Amino acid sequence: MPTASFDFTGANVFVFGGTSGINLGIAHAFARAGARLAVASRNPGKVEAARAALSGDEEALGYALDVRDFDAVKAAIDDHAARRGTIDVLVSGAAGNFPAPATAISPNGFRSVMEIDAFGTFHVARAAYEAMTRPGGSIINISAPQAWIPMAAQLHVCAAKAGVDMITKTLAIEWGREGIRVNSVSPGPIEGTEGMERLAPTPEAKARSAKAVPLGRLGTVDDVADVCLFLASDAARYVSGVVLPADGGWTAGRGFGALG
Ligand code: NAP
Ligand code: COA
């Protein structure tokens with residue numbers, strides 16, 4: 001149930017990885033709250049579909065790029081700056097995941113996830129620094145419970161998302177004086193998403209995941225999106241450098257059963 005009660009009229013919001021799943025839901029939540037959207041991901045078809053769906057009175061912007069390529073990320077940010085000006089809210093959510101025990105993760109598999117999640121998050125923030133609204137800009141990195149809870153078959157994601165959260169906290173310290181807030185949002189198991197399909201592909205695994213959530217159900221994309229609206233809003237003006245779970249209490253229960 002969309003509950004966007006925050007007002008982002010005229011705000012420029014750029015969502016990296018914003019063409020499907022949770023990140024697209026975040027983009028839609030900001031659009032419903034009046035923001036002007038830009039999204040980026042690799043697949044040009046997904047980019048165009050998201051761009052069209054997010055367009056209202058004003059056209060949304062879409063960029064087909066790989067966050068592993070710093071120059072491509074910078075070019076998109078520069079184009080956005082020329083068309084829209086500064087970025088009020090920057091969401092970094094591009095990620096890769098596949099379940100595999102450590103012995104089945106090749107060096108290239110490890111590198112791929114590290115480069116998309118950790119390097120990608122750095123690339124996006126680094127490229128957007130000059131363009132951020134200051135004071136008042138907000139950066140939200142999409143993390144995961146793997147950042148602080150070790151999980152079997154998730155070594156690469158654990159390492160990568162731990163990196164994401166340390167990027168969040170370090171940038172919050174370095175950029176705070178300029179009025180830029182930096183936070184992470186850490187979703188729990190979210191229904192109808194690629195991440196959930198990969199980690200809990202069967203109905204039985206999904207039911208086990210839901211049972212492990214203290215609030216007793218899987219999360220929705222809007223459950224996560226609303227937390228992002230709050231974090232980017234003036235209501236969170238004194239919140240920076242935190243990792244905020246949107247997980248129904250799942251990490252408080254240490255996430256047992258989440259891998260199905
Ligand atoms: P998703 O739909 O696969 O979203 C990932 C997005 O990132 C897609 O738009 C994808 O589009 C883009 N992307 C992937 N690699 C990229 C790259 N190298 N460069 C640019 N864009 C790239 O998955 P999701 O499950 O909704 O996950 C969204 C975020 O939530 C991720 O950060 C994930 O770690 C986090 N999360 C999810 C869950 C969950 O239950 N689903 C739980 C905890 C955390 P393209 O394919 O077009 O590149
Ligand atoms: N088990 C073990 N290794 C795997 C694997 C799996 N299920 N899936 C991919 N890999 C390995 C590949 O074999 C390859 O290693 P190699 O060259 O040593 O064989 C390496 O990972 C890179 O795979 P490739 O398909 O070339 O990478 P990519 O850059 O095209 O894709 C991924 C990146 C692998 C992360 C891909 O799953 C992806 O694009 N994911 C985005 C969507 C997603 O994961 N959404 C959920 C977010 S929570």
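Modeller: A word on conventions: residues are numbered from 1 along each chain as its sequence is written, and chains are lettered from A and ligands numbered from 1 in the order in which they are written. In this predicted model local features need pLDDT of at least 70, side-chain atom pairs count only at pLDDT 80 or more, and totals for chains, interfaces and linings use all residues, while side-chain values use heavy atoms, with hydrogens and water left out.

Colleague: Thanks! What makes F8 and F30 an edge-to-face aromatic pair?

Modeller: Rings of Phe, Tyr and Trp (its six-membered ring) pair if their centres lie within 6.5 Å; planes under 30 degrees apart count as stacked, over 60 as edge-to-face and the rest as tilted. The centres of F8 and F30 are 4.9 Å apart, with 75 degrees between the planes, so the pair is edge-to-face.

Colleague: Why does this pair tie together parts that are apart in sequence?

Modeller: F8 lies in the segment before β1 (12-16) and F30 in helix α1 (residues 21-32), so the parts joined are 22 residues apart. Helices (H or I, at least four residues) and strands (E, at least two) are DSSP runs, numbered from the N terminus.

Colleague: And why does F8 count as buried?

Modeller: Buried means under 20% relative accessible area, exposed over 50%, partly exposed in between (1.4 Å probe, protein chains only). F8 has 7% relative accessibility, so F8 is buried. F30, at 0%, counts as buried too.

Colleague: Why is the pair of F14 and Y63 called stacked?

Modeller: Their planes are 25 degrees apart, which falls under 30, and the centres are 5.6 Å apart, so F14 and Y63 pair and count as stacked. F14 is in strand β1 and Y63 in strand β3 (residues 61-64), 49 residues apart. Both residues are buried.

Colleague: How do you know that R134 has its charge over the ring of Y129?

Modeller: The rule asks for NZ of Lys or CZ of Arg within 6 Å of the ring centre and within 35 degrees of the ring normal. The charged end of R134 sits over the Y129 ring, 4.6 Å from its centre.

Colleague: What makes β3 and β7 the edges of the sheet?

Modeller: The order is β3-β2-β1-β4-β5-β6-β7, with parallel pairing. β3 and β7 (243-246) each have a single partner strand, so one side of each is left without a neighbour in the sheet. Two strands pair if DSSP finds at least two bridges between them; β6 and β7 have 4.
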